[in-house]
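Let's take a walk through this protein together. Have a look at the sequence and the fold first, and then we'll go through the parts one by one.

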Amino acid sequence: MMACVTSFENEKLSDEYFKAERKLQRNRWADFVNRVKALCDHVAPGNFGGLYETVRPYSMMSRARLRGIYDGIRGLAQRDIPGDFVECGTAKGGCAALMGLASKQQQLSRSLWVFDTFEGLPPPTKDDPDFDLAKAWEGECRGGYDEVQDLFDRLGVLEEITMVKGLFQDTVPTAEVRQIALLHLDGDWYDSTMVCLAHLYDKVSPGGIVQIDDYGHWAGARKALHEFMDARNLDVDLRYLDYSGRQFVKPG
Ligand SMILES: C[S@@+](CC[C@H](N)C(=O)[O-])C[C@H]1O[C@@H](n2cnc3c(N)ncnc32)[C@H](O)[C@@H]1O
C-alpha cells in the first residue's frame, strides 16, 4: 500500500513538473515572438507600430501588453463582439488613447469608459500579499484629470470617452456601463481588481476580452483574479502576454 501511494504521489509530482516546464517553454517562446514583433515594428512600423509610438510616452505598459489590447480590439471587430471598451486604471491615459485610436482605425463606434482616481494609486490593503512594497507606491502613477482629458482631445478620441473620477469602490458599482466587449484591469491592488471583477465581469459579452496588466507584477491583482475565478468556477485559458500581462476570452 505504502509503495502504491508513493508511486502515485511521484506520478502526480512529475505530472506537475512537466506541466510547469511546458508552461515555462510556452512563455519563453512568447517572449521571443514579442522581441521579433518589436524588431519588425522598428524596421517597418505597421498599424500597431504607428499607434504605439503615439501613445508610448503616456503609458506605463509594455509594448506586448499594449499590443494585447490592440490585437484584442482587432479580434473583437472581426468576431463582431458587442459592447463598450472599459479601462479601470488609466494613469496618464496612454492605453486608453490606444483603445480609442484602435477603435477608430477599425471603424468601430464604441464608447470607451475610463475609471481612475486621477490622483494616483490609493493605499493597498492587508489583502495585498506584497503590502510593504505596494505601500511605497501610494500616490504614484498619477495622471491628472485635465492632463488626461487634454491628451484625449489632442489625439481626437475625447468624444467617445467617458472619464469617471473617483475610487473604483465608489464609482464602478453604480456605473452606467451596460455591455462590455473589452475590459482592461490595471488597478494594481487586490481591492481595486476585485471590485472591478465583481461588478463588471458579468457585463462582458461572451467572446469578449478581459486583460489584466498586473498579474505577474503585483500579487494582489493575481490573488484577486484567482479568487474570483475559483468562486465562479471559471475555467479559462489565461494567455501569457509577457511576464506581467494576461488575457482571456470570456467563455459562453
Ligand atoms: C499602473 S496605473 C495604470 C496605467 C495605465 N493603464 C497606462 O496605460 O499607463 C494604475 C492606475 O490605477 C488607478 N487606481 C488603482 N486603484 C484604484 C482605485 N481603487 N480607484 C481608482 N483608481 C485606481 C491609479 O490611480 C493609477 O492611475
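How many residues does the hairpin use to join E6 to E7?

## The hairpin

The hairpin gets from E6 to E7 through 5 residues. Keep in mind that what you're looking at is a predicted model. E6 and E7 run antiparallel, with 2 bridges joining them.

Now zoom out. The 7 strands form an open sheet, and the order across it is E3-E2-E1-E4-E5-E7-E6, with mixed pairing. Strand E3 (161-165) and strand E6 (239-240) sit at the edges with a single partner strand each, so one side of each has no neighbour in the sheet. As a bit of background, strands of a sheet pair through backbone hydrogen bonds, and they can do this in a parallel or an antiparallel way.

You can find both kinds here. Strand E2 (residues 112-116) pairs with E3 in the parallel sense over 5 bridges, and Asp116 has Lys165 in E3 as its bridge partner. E5 and strand E7 (residues 246-249), on the other hand, run antiparallel and are joined by 4 bridges. There, Ile209 has Val249 in E7 as its bridge partner.

## A helix across the strands

Next, pick out helix H8 (residues 190-200). Helix H8 lies across strand E1 (84-88), strand E4 (180-185) and strand E5 (204-212). Compared with E4, the helix runs at about 170 degrees.

## Around the ligand

There are 24 residues around the ligand, and Ser59, Gly89, Ala91, Cys95 and Ser192 come nearest. Helix H4 (94-105) and helix H7 (168-171) are the elements that give two or more residues to this shell.

## The whole protein

Counting everything up, the protein has 9 helices and 7 strands. Its radius of gyration is 19 Å, close to the 18 Å that the globule rule gives for 252 residues, so the protein is as compact as a globular protein of that length. Along the principal axes, the C-alpha atoms fill a box of roughly 70 × 45 × 35 Å.

Of the 252 residues, 39% count as buried. And if you take the contacts between residues at least 6 apart in sequence, 77% join residues at least 24 apart.

Note on methods: Residues numbered from 1 in each chain as written. Predicted model: local features only at pLDDT ≥ 70, side-chain atom pairs only at ≥ 80, totals over all residues. Near = placed C-beta within 6 Å. Rg over C-alpha atoms; globule rule 2.2 N^0.38 Å. Buried ≥ 20, exposed ≤ 12 C-beta atoms within 10 Å, placed from the backbone. Contact = placed C-beta atoms within 7 Å. Pairing = 2+ DSSP bridges. Axes fitted to C-alpha atoms, helices over the stretch in contact; angles between N-to-C directions.
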